[in-house]
Amino acid sequence: MDKSKLGDVFSMCTLMMHDAVTDFYENIHDDKGIPISSVDDVTKKASALKSRLLSEVQMVVDITLEYGESHAR
């Protein structure tokens, strides 16, 4: 893998994070655009967002480790 490919993966992951945050924003509003006020609902939606973000961050770390290992030889 070269640095260009590494950059492509970084880009993909950060775009996925951006999409996750946008989805979260939309999900904490009802279909009329009014913010939801249920702490339980917001907490569940925030937990789902954290999971999505952590997954993408872990992908960045993993691909960076893979890149480092392939270039350490």
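Which helix is Val 61 found in? Val 61 sits in helix H2, helices here being DSSP runs (H or I) of at least four residues, numbered from the N terminus. This is a predicted model, so local features need pLDDT of at least 70 and side-chain atom pairs count only at pLDDT 80 or more, while totals for chains, interfaces and linings use all residues. Residues are numbered from 1 along each chain as its sequence is written, and side-chain values use heavy atoms, leaving out hydrogens and water.

Back to Val 61: at 38% relative accessibility it counts as partly exposed (buried is under 20% relative accessible area, exposed over 50%, partly exposed in between, with a 1.4 Å probe and protein chains only). Together with Val 57 and Leu 65, Val 61 makes a nonpolar surface patch with about 240 Å² of accessible area. Patch members have over 30% relative accessible area and no salt bridge, and nonpolar side chains are joined within 5 Å.

Now for the charges. A salt bridge means a side-chain nitrogen of Lys or Arg within 4 Å of a carboxyl oxygen of Asp or Glu, and by that rule the count is one. Asp 23 pairs with Arg 52, their closest N and O atoms 3.1 Å apart. Asp 23 belongs to helix H1 (residues 3-27) and Arg 52 to helix H2, so the pair ties together parts 29 residues apart in sequence. Asp 23 is partly exposed at 30%, and Arg 52 is partly exposed at 37%.

Glu 56, also in helix H2 (residues 39-71), is buried but has no salt bridge; Arg 52, the nearest side chain of opposite charge, is 6.8 Å away.

Key: Helices (H or I, at least four residues) and strands (E, at least two) are DSSP runs, numbered from the N terminus. Lys and Arg count as positive and Asp and Glu as negative; His and the chain ends are not counted. Patches are made of residues with over 30% relative accessible area and no salt bridge: like charges are joined within 9 Å, nonpolar side chains (Val, Leu, Ile, Met, Phe, Trp, Tyr) within 5 Å. Accessible areas come from the Shrake-Rupley method with a 1.4 Å probe; for residues, only the protein chains shown count as cover.
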